[in-house]
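Biologist: I am new to this structure. Please walk me through its salt bridges.

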Amino acid sequence: MLLTITTTHQPATDLGYLLHKHPERCQSFVLSFGKAHIFYSEASTHLCTAALLLDVDAVKLVRGRGTFVGQYVSDRPYVASSFLSVAIAQVFSTALAGRCKDKPELAQIPIPLVARLPVLPCWGGEEFLRQLFEPLGYSVSAQGHLLDENFPEWGQSHYYTVELQHTLPLSELLSHLYVLIPVLDDEKHYWVGDEEVEKLLRHGEGWLAGHPAREQITKRYLKRQGHLTRAALAQLMEEENLDPDGVEEQHTQEEAAVEKPLSLNQQRLNAVVAALKKHGAKRVIDLGCAQGNLLKILLKDSFFEQILGVDVSYRSLEIAKERLDRLRLPRDRWNRLQLIQGALTYQDKRLKGYDAATVIEVIEHLDLSRIQAFERVLFEVAQPKTIVLTTPNIEYNVRFENLPAGRLRHKDHRFEWTREEFQSWANTVAKRFGYKVEFQPVGIEDSEVGSPTQMGVFSRNS
Ligand code: SAH
């Protein structure tokens, strides 16, 4: 059973730091069901391929089970399965957790990666394989295999040779593989109990809640155990902000309904967190934090040391507090957070001294006549080193099937900008207040109208 991971990130041998496995060494680890060997088939500065070879002890597998049939017909030692997930979690545990001792920033940034699985059992076929990986942004290539080459009339097997290509942080690739391989295989080699729900939510964090196939993934991962599946889905709904109590108010529902098919909200938050980490911002203010979607992610992530949520709406802050309370975090983690009521158009000393400020889908709620006041509050008074600001790209609205022509995405939006309008505003502000700005599309990019969300990342010239 083999998994290879290749990168063309430069220098490609950084993969060794990320995996915590030296490219010049071959290492072996004893696991409860066999051995894992790690080696590099290529390690140059242009291209680096790490291989995880699992040698499953077939005799150990059947011992004590009272059946010998499996000994002869089992595919378990040879195909990617939950054994591979366990091996990933054990031998690549630091990389899976998104940590890298020697180059911490490297673990957070997207790099070009190709994962290759020579034999992956896919119950549900190539179509299901694509349904799982394509919404996460992967290019999928799959080659099916005949059941028996000597008897082509027996047709196709459910085994595929699969290549998954994407530019993303290594930890995300490993989390996707960890969860989705056993889902495709539709089997687990161990007893599935309550702790599997926790594992699924932990490794699915940031991507499973917004995945179009989340119900099938959850059901299969938990081996179709109804009570576990229901518990996991309820928590995922909470993460996706589809609050089961119906307490959501104002903004989110209406806009989310328009944007939902893309799970744009999740992609936006992921992009913001990646930008914060790339800039090493550990102390962050979220301006216009509403009910705490971003705060929740920041709070759960120990990378962030101090978090301040600011919103003009007291009711939203109350809801944010209730939702974050439900995380039941230990006191020392919880103490990193502060929530305050404040308006972004009035100068406020409490906003000073942070590494970064995020302004996610907020600026379009301000009257155009108040934008200048907001600019001064943020760029002149608060003056964080990094500012991550997102806003809708109005050009993309024609692609939303359920948005009538000419309408903005939400009735409280005072305006929505084209790419040119946003970039021209951002460039002017950056220049006036001594920042540089870079732009990044968020969500699927359309060749004509761009991406649904536009993001500007400002860095203060120091
Ligand atoms: N950033 C959040 C919410 C965006 S909705 C998210 O991405 O989920 C916009 C939020 O900005 C609302 O919660 C609204 O109360 C807040 N807001 C609007 N005008 C504001 C102002 N002048 N000062 C502070 N907050 C404001």
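Modeller: A salt bridge is a side-chain nitrogen of Lys or Arg within 4 Å of a carboxyl oxygen of Asp or Glu. This is a predicted model, where local features need pLDDT of at least 70, side-chain atom pairs count only at pLDDT 80 or more, and totals for chains, interfaces and linings use all residues. Residues are numbered from 1 along each chain as its sequence is written, and side-chain values use heavy atoms, without hydrogens and water.

Biologist: How many salt bridges does a search of the whole structure find?

Modeller: The search covers the whole structure. Its count of salt bridges is 24.

Biologist: Which residue forms a salt bridge with Asp 367?

Modeller: The closest N and O atoms of this pair are 2.9 Å apart. The pair links distant parts of the chain, 47 residues apart.

Biologist: Is Glu 448 buried or exposed?

Modeller: Glu 448 meets Arg 399 in a salt bridge, 3.7 Å from N to O. Arg 399 is partly exposed, at 34%. Glu 448 has 60% relative accessibility, so Glu 448 counts as exposed.

Terms used
Helix = DSSP H or I, 4+ residues; strand = E, 2+ residues; numbered from the N terminus. Buried < 20%, exposed > 50% of the residue type's maximum accessible area, 1.4 Å probe, protein only.
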